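How do you read a strand, a buried residue or a pair of rings in a model? Let us take these features in turn.

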Amino acid sequence: MKNLSILRRSFQRSMFSSAAGVVQNTRHAFSTLREEPELDELMEFLNNLKNFEKSGVPIGAGTDSEYGFDLGRMSRLVGLLGNPQSRFKTVHIAGTKGKGSTAAFLSSILQAEGYSVGCYTSPHIQTIRERITLGRWGEPISAKALNHHFKRRREVLERAVKLENGCLSHFEVFTAIAFSLFAEENTEIAVVEAGLGGARDATNVISGSDLALSIITTVGEEHLEALGGSLESIAVAKSGIVKHGRPLVLGGPFIPSIECILRGKASSMSSPVVSASDPGNRSALRGFCDVSGIPRQLCDIVLQIVKDFDLSIELLGVKLRMLGAHQLQNAVTATCAALCLNKQGWSLSSGSIRAGLESAFLQGRTQILSSEEANLLGVPGATILLDGAHTKESAGALANTLQMTFPKAKMVVVVAMANDKDYLGFARELLSVGDLDAVFSTEVDIAGAKSRMTSASLLKCAWVNASRELDIKVLDLKVADCEDQSLQVAGMPESRSILLAEGSLLACMRTGFKILNERTGEQSGIIVVTGSLHIVSAILDYLHS
């Protein structure tokens, strides 16, 4: 791959900023603290509701069955608010991976054309305000505006909670607040990410007449039990966002049986299908460049699709800020959606599509910290990559991105995960990275609570087991957690074994940095922090506390 030296140099000096927050360090776990004081009333109200991000999703909750979430409950809630979701057009996005990135790409394209866009995604990294962006610039809703809107709607929301006998959830209520805000702010089009599955998700109160198009990015095994227990049942659940006569854009690629389910649902709903994995997609990643100190990947996005819709575009040398082959696929999916919107009368020029793709960025997706941020973490000169990968599929995508962008770099991984994830599958994927020197398991709160947190020792065991399966030698390195975080790397062997250890987040990063310094010499090294968006949040909060 060309220009890798340019990419590595730009990584060292790239400046990715993040919003303010506070982190509290315990022996192992980082605990994110509360939102801005201005949101106290809203957060108190929401925190009294059931929050499945904290507690975990019940078995079958996302299926279109007697065990699924009650979509009627959400319909009654938005009905009390005057059905705000009917006052603007919506692009509805479901999928196991890629939803947030595709939403970011498409929202950015629409904003580049000058449309007033609402975007609703989850989860957030640092503040709940990130879930709602508004207007032509895509800024998160301000604390003042969100608080004001909540106060005006509070009486209705309280009545709805009472009518539903307290069964309304945190996600349902906040989704309704987002729709209400979009309507009040005269949003022209909204890009809405489903929370879980599709058919029974709270966002699926959008009617066919209000839907511009649906997007299904990928289908994987995350939330397996909540979505019916099989890949096929997950596909069925996600296909629930398809509405009669409205176009469906598929990301993919999908295995044939899954694509058959998705296309079958579209056919039954008389919905035309456009696939970003169509043979007419001749898009390719060409190399890397540096734009104002920020690393970009150079891509050609070339589409010539003739089935269902006649769609074509040629964008050469697109400079994507979000890195990896999977992000190119997400960009192509968003481009297909933009071309479909053009067919419906929206005006999205090639220039706006290019500009939107190039300006799109999400925190915690192959995010490289600046040298100043590395200094604050006590690892001066380190290259630190943050990525919220938390499934085996996203770990595989991360591994591919690392191998592509850092083919010769030695690496240390610092990982924390929720307790409902496939630790073993995740570990197997990242162990495929060629020059992995050490893996440190740690703990962070999940959605502000410890109930879904995986112990560092359990994570470490998963990596030991994955290493044995792959016949990779490992060594147990003990990390001493001192109050001043001044750590020593003792007994470092010259062996090519991978070191495994556990400890607090900062201790792991600093010990990993010392290991890289011992082993890399003049070669470049990288610290990869991954396993959850919550570990990304913990790092960013600490930096700006």
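The dialogue below works through features of this predicted model.

Q: Which way do the side chains of strand β7 point?
A: In a regular strand the side chains alternate between the two faces of the sheet. In β7, Ile-189, Val-191 and Glu-193 point one way. Ala-190 and Val-192 point the other way.

Q: Why is β7 described as largely enclosed by the rest of the structure?
A: Buried means under 20% relative accessible area. 5 of the 5 residues of β7 (residues 189-193) are buried, so the strand is largely enclosed.

Q: Which strands are joined to β7, β3 by bridges and β4 by pairing, and in what sense do they run?
A: Strand β3 (residues 89-94) runs parallel to β7, with 5 bridges between them. Here Val-91 stands opposite Val-191. Strand β4 (residues 117-120) also pairs with β7 in the parallel sense, over 4 bridges. There Gly-118 stands opposite Ala-190.

Q: Is Thr-530 buried or exposed?
A: Thr-530 is buried, because its relative accessible area is 0%. Its place is in strand β21 (residues 525-530). Leaving out residues up to four places away in sequence, Thr-530 touches several residues, including Asp-387, Phe-426 and Ile-535.

Q: How many aromatic pairs are there?
A: The count comes to 7 aromatic pairs. A pair of aromatic rings is described by the distance of the centres and the angle of the planes. Phe-52 and Phe-69 form a tilted pair: 5.2 Å centre to centre, with 45 degrees between the planes. Phe-52 is in helix α3 (residues 52-55), and Phe-69 is in the loop between α3 and α4, 17 residues apart.

Notes:
Residues are numbered from 1 along each chain as its sequence is written. This is a predicted model: local features need pLDDT of at least 70, side-chain atom pairs count only at pLDDT 80 or more; totals for chains, interfaces and linings use all residues. Side-chain values use heavy atoms; hydrogens and water are left out. Buried means under 20% relative accessible area, exposed over 50%, partly exposed in between (1.4 Å probe, protein chains only). Helices (H or I, at least four residues) and strands (E, at least two) are DSSP runs, numbered from the N terminus. Two strands pair if DSSP finds at least two bridges between them. Contact means heavy atoms within 4.5 Å. Rings of Phe, Tyr and Trp (its six-membered ring) pair if their centres lie within 6.5 Å; planes under 30 degrees apart count as stacked, over 60 as edge-to-face and the rest as tilted.
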